[in-house]
Amino acid sequence: MSPKSAQRFWDNDMHRYEKLKRISRTRSNATPFSLLPAIVVLGTLLGCSGEEGSQTAPNASNDLARRASMAPVPVGTGFDFYVLSLSWSPTWCDANDPKGKSDQCETGRGHGLIVHGLWPQNEGSYPEYCRTRHSDRVPESLGRQYFDLIPSMGLIGHQWRKHGTCSGLSQRDYFAVTRAAHERLAIPSELTAVDGAENLSVQAIEAAFKKKNSGMTSESIAVTCEGRLLEEIRICFDKELKFRACPQVDRQACRRDTVSLPPAP
């Protein structure tokens, strides 16, 4: 290549290079200004969304849970109403499984108030061990879905055979109604701790439940005891899981003024 040709090649190459630099500079300068409005708007929207989410998410979650718990449930047949029996697990374990061999009573499980069962009742009596076309055996795949409420396959199976068979419902529906009844009940803080309590007033327990649960009356709840220890809390529902009076259940309530809550093992 001659010196003149080389010079022209160099000049053309430098010309293209300077042109590319100008274009690059123009684009880089323009980018912040062209994107700035979009960035500001996006940031504002995200910020507002975050604020609203932090303020409304808990309320929305509570509303959803409340609506879900009040949804219609399968309606049983062959009885008049339900009793939801809640057992203070440490009392039962002290008397029946002090060595903690069962899932319910094993040390470290920390079970306090658990669901003993959902019992179909009649006015003045109650059915049990009813004939049904459904199996007596509760599949473990179904039962374990309710371990947060009833922490033992033995207890789940017993409740189905003795009480669930008298509900007119399938196993799946019976346990679904059991969960729905529990979810419609607000448990007072006095009964959620598992470290026990001494000399808790029976009237105070009933009052705490009534305060937390609109529509519940003194005739809807009964506190039972095993000697001086809290045994169970029994709540009466109609078939649609609305609180209702049940004088015959209330008559079986504890006659002591105060009860003790042994701590969870």
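Mentor: Gladly, and let's start at a helix end: S152 caps the N-terminal end of helix 4, with a side-chain oxygen 3.2 Å from the backbone nitrogen of G154. The model is predicted, so local features need pLDDT of at least 70 and side-chain atom pairs count only at pLDDT 80 or more, while totals for chains, interfaces and linings use all residues. Residues are numbered from 1 along each chain as its sequence is written, and side-chain values use heavy atoms, with hydrogens and water left out.

Trainee: Which residues of helix 4 are buried, and what covers them?

Mentor: In helix 4 the buried residues are L155, I156, G157, Q159 and W160. Their cover includes strand 2, helix 3 and helix 5. Buried means under 20% relative accessible area, exposed over 50%, and partly exposed in between (1.4 Å probe, protein chains only).

Trainee: Why are helix 4 and helix 5 described with the word they get for their relative direction?

Mentor: Helix 4 and helix 5 pack at about 110°, with axes 11 Å apart. Axes are lines fitted to C-alpha atoms, for helices over the stretch in contact, and angles run from 0 to 180 degrees between N-to-C directions. Angles under 35 degrees count as roughly parallel, over 145 as roughly antiparallel, 65 to 115 as roughly perpendicular and the rest as oblique. Helix 4 and helix 5 are therefore roughly perpendicular to each other.

Trainee: Which residues make the contact between helix 4 and helix 5?

Mentor: I156, Q159 and W160 come from helix 4, and Q171, Y174 and F175 from helix 5; contact means heavy atoms within 4.5 Å. These residues divide into four nonpolar, two polar and no charged. Here Ala, Val, Leu, Ile, Met, Phe, Trp, Tyr, Cys and Pro count as nonpolar, Asp, Glu, Lys and Arg as charged, and the others, Gly among them, as polar.

Trainee: How do you know that C93 and C105 form a disulfide?

Mentor: A disulfide is a pair of cysteine sulfur atoms within 2.5 Å, and the sulfurs of C93 and C105 are 2.0 Å apart. By this rule the count comes to four disulfides. The C93 and C105 link is left-handed, with -80° about the S-S bond. C93 lies in helix 2 (residues 89-96) and C105 in the loop between helix 2 and strand 2 (113-121), so the pair ties together parts that are 12 residues apart in sequence. Both C93 and C105 are buried.

Trainee: Why is the disulfide of C130 and C166 right-handed?

Mentor: Its torsion about the S-S bond is about 100°, so the disulfide of C130 and C166 is right-handed. The two sulfurs lie 2.0 Å apart. C130 has a relative accessible area of 28%, so this cysteine is partly exposed. C166, at 4%, counts as buried. Another right-handed link joins C236 and C246, with 85° about the S-S bond and an S to S distance of 1.7 Å.

Trainee: What makes R234 count as buried?

Mentor: Its relative accessibility is 14%, so R234 counts as buried. R234 lies in strand 5, and its side chain makes a polar contact with the side chain of E232 at 2.8 Å. Beyond four places away in sequence, R234 touches residues including V83, W119 and Q252.

Trainee: And is I187 buried or partly exposed?

Mentor: I187 has 22% relative accessibility, so the label is partly exposed. I187 sits in the loop between helix 5 and strand 3 (197-201). Among the residues that I187 touches, beyond four places away in sequence, are L86, L113 and F209. By contrast, S87 in strand 1 (residues 81-88) counts as buried at 7%.

Note on methods: Helix = DSSP H or I, 4+ residues; strand = E, 2+ residues; numbered from the N terminus. Polar contact = N/O pair within 3.5 Å; in protein donor to acceptor, adjacent residues only side chain to side chain.
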